[in-house]
Amino acid sequence: MAMLGKAVRMSRLINPKSNKMMAITVDHSISRGIMHGLIPIQDTIDKIVAGGPEAITMTKGIAELCLPKHVGKVSLLLKSSSYSPVHPTRDVVFGDVEEAVRMGADAISIGAMMLGDYQAQQIEDIGRITKEAMSMGMPVIGHIYPKGESVPVADRTKWENIAYCCRAGAELGVDIIKTTYTGDPKTMEKVVAACPARVVIQGGDVGNSVRDYMQMTYDAMNVGVGGVTFGRFVWEYRDITALVKALKFIIHENGTVDQALELLAELENENSKNK
């Protein structure tokens, strides 16, 4: 029955038409400090949910405070670990699977900064979480990046390093691995080929315009990436709801970048008229 529970939860995370996942993360405050786009956090979450993503990633405290009004509208991905400005290469676990089940989450999320001094501890933590999750029918999402001490900043997008992270997640029983885009669809395709689990991409470290992010999304979806879990660039945008809908058009409807930008402009214009 635990496997049935996992299948039920996964079905709420993956769009049946595209077989892709769109999630938005708002778990940044412990790792990066208080960011403008997350103030006030309730308003940001309301705008994200209005766009209709499959899921939203947040910590337990924010979920308890801000998610009750959206029950049934969006899946909760419960973030159970974080790095911080004073330990940037180590994710510390502060939650467990039982807590995720109690809160009605559709997945538990745990991070790891690989190829560094704290890899061994983080692998041990992921192994414990995946063991608990398997017994309770809970999918596990790993935020796994090659950002440990042994990796120069310039090498954090090397496909070999990203593939290592993704394959390690799959080896440990992680169902969905969130990682960095390589910057190139051909090398990202190699990452996907190296990992039998679902690979999804983050958005925070790539590009500096909406078109850049949309192009990255389009290219990634077309080489087998299984979805996105975007954060900062979405909720720092002037119209969060419109951007979520435009990105969904690429991810689930196979829309082009130009079509998505046109849709974004239309939605923003409509929303400004309604204010």
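Tutor: Before we start, contact here means heavy atoms within 4.5 Å. Keep in mind that this is a predicted model.

Student: Okay, which residues does Val234 touch, not counting residues up to four places away in sequence?

Tutor: Val234 is among the residues of the largest nonpolar core that touch the most other members. Setting aside residues up to four places away in sequence, Val234 touches Ile24, Ile240, Leu243, Val244 and Leu247.

Student: And which element gives that core its largest share?

Tutor: The core has 72 residues, and Leu243 is another of those touching the most other members. Eight residues make up the largest share, and they come from H11.

Student: At what angle do the axes of H3 and H11 cross?

Tutor: Two packed helices are described by the angle and the distance between their axes. Here H3 spans residues 41-51 and H11 residues 240-253, with axes that come within 7 Å. The crossing is right-handed, and the angle is roughly 30 degrees.

Student: How do the residues of that contact divide?

Tutor: H3 brings Thr44, Lys47, Ile48, Ala50 and Gly51, while H11 brings Ile240, Thr241, Val244, Lys245 and Lys248. By type, they divide into three charged, three polar and four nonpolar.

Student: Last one: is Ser18 buried or exposed?

Tutor: Ser18 sits in the loop between helix H1 and strand E1. Leaving aside neighbours within four places in sequence, Ser18 is in contact with Ile251 and His252. A polar atom of the Ser18 side chain also lies 3.1 Å from the backbone nitrogen of Lys20. Its relative accessibility is 17%, and the cut-off is under 20%, so Ser18 counts as buried.

Key
Residues numbered from 1 in each chain as written. Predicted model: local features only at pLDDT ≥ 70, side-chain atom pairs only at ≥ 80, totals over all residues. Heavy atoms only, no water. Axes fitted to C-alpha atoms, helices over the stretch in contact; angles between N-to-C directions. Helix = DSSP H or I, 4+ residues; strand = E, 2+ residues; numbered from the N terminus. Left-handed = near helix turned anticlockwise from the far one by under 90°. Nonpolar A, V, L, I, M, F, W, Y, C, P; charged D, E, K, R; others polar. Core = buried A, V, L, I, M, F, W, Y, C linked by side-chain atoms within 4.5 Å. Buried < 20%, exposed > 50% of the residue type's maximum accessible area, 1.4 Å probe, protein only. Polar contact = N/O pair within 3.5 Å; in protein donor to acceptor, adjacent residues only side chain to side chain.
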